[in-house]
Amino acid sequence: MGAPPDDDPLALAIAPPPNETVEQREARLSSEAEARRISEKIDEQLRTEKAAQRKRRSQTVKVLLLGQSESGKSTTLKNFQITYSPHAWAEERNSWRTVIQLNLVRNINSVLDMLAEEMANSSPKPTSPAAVVNVSDDEDDIVEPSATASSSTGPLRFTDHHALLKLRLTPLRGLQRDLEETLGVSLTEDVEHPLQRSSVRSAAGRTSQEAFIRSHTSWKSRLRSMGEGGADGVVKKNREAKAREAMEILAGCKDDIREVWEDEMVQEMLRRRQFVIESIPGFFLNDVERIAARDYEPSDNDIVRARLRTMGVQEYNIKFEIGPAAGTEWLMYDVGGSRTQRAAWFPYFDDCDAIIFLAPISCFDERLAEDRKVNRLEDSYMLWRLVCASKLLQNTQMILFLNKYDLLDQKLKRGVRVKDHVRSYGDRPNDAETAGKYFSQHFREIMKRHSPQPRQFRVHQTSVVDTKATAVTLGIVEEGILQAHLRSVELI
Ligand SMILES: Nc1nc2c(ncn2[C@@H]2O[C@H](COP(=O)(O)OP(=O)(O)OP(=O)(O)O)[C@@H](O)[C@H]2O)c(=O)[nH]1
Ligand SMILES: [Mg+2]
């Protein structure tokens, strides 16, 4: 090592003093060697950590499901499980029976609540006016709602037989409580049950609320543990007995439930309240014969139609058994979509491979359950804008599912006109294909305008209750996510 050049301040600053003694030189050399050893150790640790991180990241794909409440996030997650993890799913399938039974029992109890109200007061209440949407940033696009004409013609005629049926179905009140207890279900404070989104009050005097669970693992493990013995065998036996009892009560009430449901007056009552049965989440009254049977086993089609509202952020670890991603683990986060839940999303934005954003496009004429002033499509546009504009997510692959295409199609075929709710729609044909393209274009523009840097617009028209069609869409999505994931691992 030569003398430091006179003109280099750094070299001068770190050079040994010119009058260094032998002892000082030895001490200095030894402390320099120690510093080198520590630095090499740190480098080695960093290399090992990076390799481990790379291995972890290469094996784990992280996907976030976002969108407003009832947009279909949890249903999309079920489709991932059905398509890519069939063995694990087969074990899980039966635990959905209780959820489906609860959906059915809540459906009929809600109908009975309305029946009680109608019988007590023969004049039906007017329903709220249809919702409208502002599809552009332009205020002029809002169409003011006009009062909905009531289709009511004369009083509904209920008889003693209706009163008798209502009385005979009283055990379903207790059954609802038992099923909720079995699942560890809570009731939301802010959202009514979908069949109750009129001003109906339940027999207990409170508005019937929508059920939710805080953790997806707890209710499944509660149900799975029902058949096992062990220290808390008594609790498990109790639960097993309760499950059998639930089946018996339902089977015993099956004919009366069907009779109420098929009753002409009851159907007229629902018509006057403008219920569109097929669009009600977790609606199973048309399937009572099957679901209330003692040997009922849920099909995948039943399970994707079941409704259990998500609260908080739920993590699912899905081990892919088939497809190009076989052998990898996907961490999928299913979030609660209602307004009070959204603040919990943001911590999960970091380090995420892809976001699947669900926007239900059949909802252009509906309002948020948690805030009846806000149009649901407009709320989806707003959320999409926020997600696209996020700096944290600027490198995350964004996949848009324009969901509930089946319901959009049915709604337009029933005669609901998009242009009555979306001024800018103009005189375009009132069919699902044209409307789907129109909404898609608007989402594309939002992404283009608000993304911090240019990104690809990946969009799919979906009906995620159709598991076969959704499997095809997921095939495309899986490949895209996997590629993005591998690219991100390369960068580590
Ligand atoms: N007909 C139809 N129903 C759908 C579709 N997607 C979801 N649903 C139903 O809509 C309901 C709500 O879907 P979820 O997946 O629970 O909605 P979510 O986005 O998870 O809602 P939160 O948990 O409240 O945030 C369920 O009963 C689904 O079966 C669809 O494309 N078509
Ligand atoms: Mg959910």
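**Notebook: the shell around ligand 1**

I sorted the residues of the shell around ligand 1 by class and found seven nonpolar, twelve polar and seven charged, with Asp, Glu, Lys and Arg taken as charged, Ala, Val, Leu, Ile, Met, Phe, Trp, Tyr, Cys and Pro as nonpolar, and the others, Gly among them, as polar. The model is predicted, with local features needing pLDDT of at least 70 and side-chain atom pairs counting only at pLDDT 80 or more, while totals for chains, interfaces and linings use all residues. Residues are numbered from 1 along each chain as its sequence is written, ligands are numbered from 1 in the order in which they are written, and side-chain values use heavy atoms, without hydrogens and water.

I counted 26 residues surrounding ligand 1 (a heavy atom within 4 Å), and the closest are Ser-69, Lys-73, Thr-75, Val-304 and Arg-307.

I then looked up polar contacts (N or O pairs within 3.5 Å): a polar side-chain atom of Lys-73 lies 2.7 Å from an oxygen atom of ligand 1, and Arg-307 also places a polar side-chain atom 2.7 Å from a ligand oxygen. For Ser-74, I noted a side-chain N or O atom 2.9 Å from an oxygen of ligand 1.

Among the elements, I noted that α3 gives the most to this shell, with three residues (helices are DSSP runs of H or I, at least four residues).

Key
A polar contact is a pair of N or O atoms within 3.5 Å; within protein, one must be able to donate a hydrogen and the other to accept it, and residues adjacent in sequence count only if both atoms are side-chain atoms. Helices (H or I, at least four residues) and strands (E, at least two) are DSSP runs, numbered from the N terminus.
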